[in-house]
Amino acid sequence: MYTKKKIALKYIQYLLRASNGKGHGVHPPFLYDFIRHVLNSKENPVCFKEIENERKSLMANDQVITIEDFGAGSRIFTGLERKISGIARTSLKPAKYSRLLYHILAYYKPRTSIELGTSLGITASYLAKANPNGKLITMEGSAAIASIAKNTFSKLSIENIEVAEGNFDQELPRVLKKNPVIDFAFIDGNHSKEPTIRYFNMLLPHLSSDSILVFDDIHWSEEMEAAWEAIRASKEVRLTIDLFFVGIAFFKKELISKADYSVRY
Ligand SMILES: C[S@@+](CC[C@H](N)C(=O)[O-])C[C@H]1O[C@@H](n2cnc3c(N)ncnc32)[C@H](O)[C@@H]1O
């Protein structure tokens, strides 16, 4: 992982290269649409407040649980003790980005979505609320953490979600076998190069021209930047949007030439 100072420097570089998304005509219509309906969405449904109240109560919960820690790489440390409040403070996507994912799902309404890395279920709750008629599978390796996520879903009356418990290495092939087409995936676990590229390669045969993949923390470390570079270079990826804290890949076959954008968010 980069130092805080290095991340701050990289963030400044991103702000300097990123477009502000304004100006029709500079972007292909597809990107213009994405900026208008997703990045600039003003929708603020009541569930946003309800989910954030759940986040607050998890952040105030000092109960200690024993987890399997999958770390940034593929090594698994079992029997680690962590406070729920600590996990809620450090492992979850901030509201701004969970809401971005909400707007993506609310606008594109994917039929089948997956999340790699449920944690306490906060971002998964946004995904479920955004697209009540879609199928959502969220994947988590730590049984103790998954059980808290299930409690979050039940408190928010979320039923349109399936929690796939187990290591991604075993669970992802099983989920893909049962769900041949994945329309949306948020890849937010195991933040290192080799597993990120491996999950991307596993997903590739299951994507359609309309599929959307969101990768978390693409500038978090040298490894994640290398993974994002490899994903961007893949011939199947037609357009990418770098929002610094997440990277989004589109596979639209009608986009004849490949393009990579950085957009301020
Ligand atoms: C960053 S957290 C996910 C946060 C969540 N997406 C959110 O924003 O609310 C990543 C989660 O992925 C899980 N994880 C990491 N590597 C894994 C693996 N190889 N198999 C299963 N779960 C894994 C961790 O236990 C952790 O709970």
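Residues are numbered from 1 along each chain as its sequence is written. Because the model is predicted, local features need pLDDT of at least 70 and side-chain atom pairs count only at pLDDT 80 or more, whereas totals for chains, interfaces and linings use all residues.

Helices (H or I, at least four residues) and strands (E, at least two) are DSSP runs, numbered from the N terminus. Helix H7 comprises the 13 residues 143-155, and its end C-alpha atoms lie 19 Å apart, in agreement with the 18 Å that should be spanned at 1.5 Å a residue; the expected span is 1.5 Å times one less than the number of residues. Just after H7, Ser 157 adopts a positive phi of about 55°.

Around the ligand there are 18 residues, of which Phe 70, Gly 117, Thr 123, Gly 141 and Gly 189 come nearest; a residue is near if its C-beta atom, placed from the backbone, lies within 6 Å. The shell consists of five nonpolar, nine polar and four charged residues. Ala, Val, Leu, Ile, Met, Phe, Trp, Tyr, Cys and Pro count as nonpolar, Asp, Glu, Lys and Arg as charged, and the others, Gly among them, as polar.

Val 181 is located in the loop between helix H8 (168-178) and strand E6 (184-187). Val 181 counts as partly exposed because it has 14 C-beta neighbours inside 10 Å. Residues up to four places away in sequence aside, Val 181 touches Thr 112, His 206 and Ser 208, contact requiring C-beta atoms, placed from the backbone, within 7 Å. The C-alpha atoms of Val 181 and Ser 208, which are 27 residues apart along the chain, are separated by 7.0 Å.

Most residues other than glycine have a negative phi. In the loop between E6 and helix H9 (193-203), however, Asn 190 has a positive phi near 60°. Asn 190 counts as buried, since 21 C-beta neighbours lie inside 10 Å. Phe 244, in the loop between strands E8 (239-242) and E9 (246-250), has a positive phi near 75°. With 19 other C-beta atoms within 10 Å, Phe 244 is partly exposed.

Key:
Buried ≥ 20, exposed ≤ 12 C-beta atoms within 10 Å, placed from the backbone. Contact = placed C-beta atoms within 7 Å.
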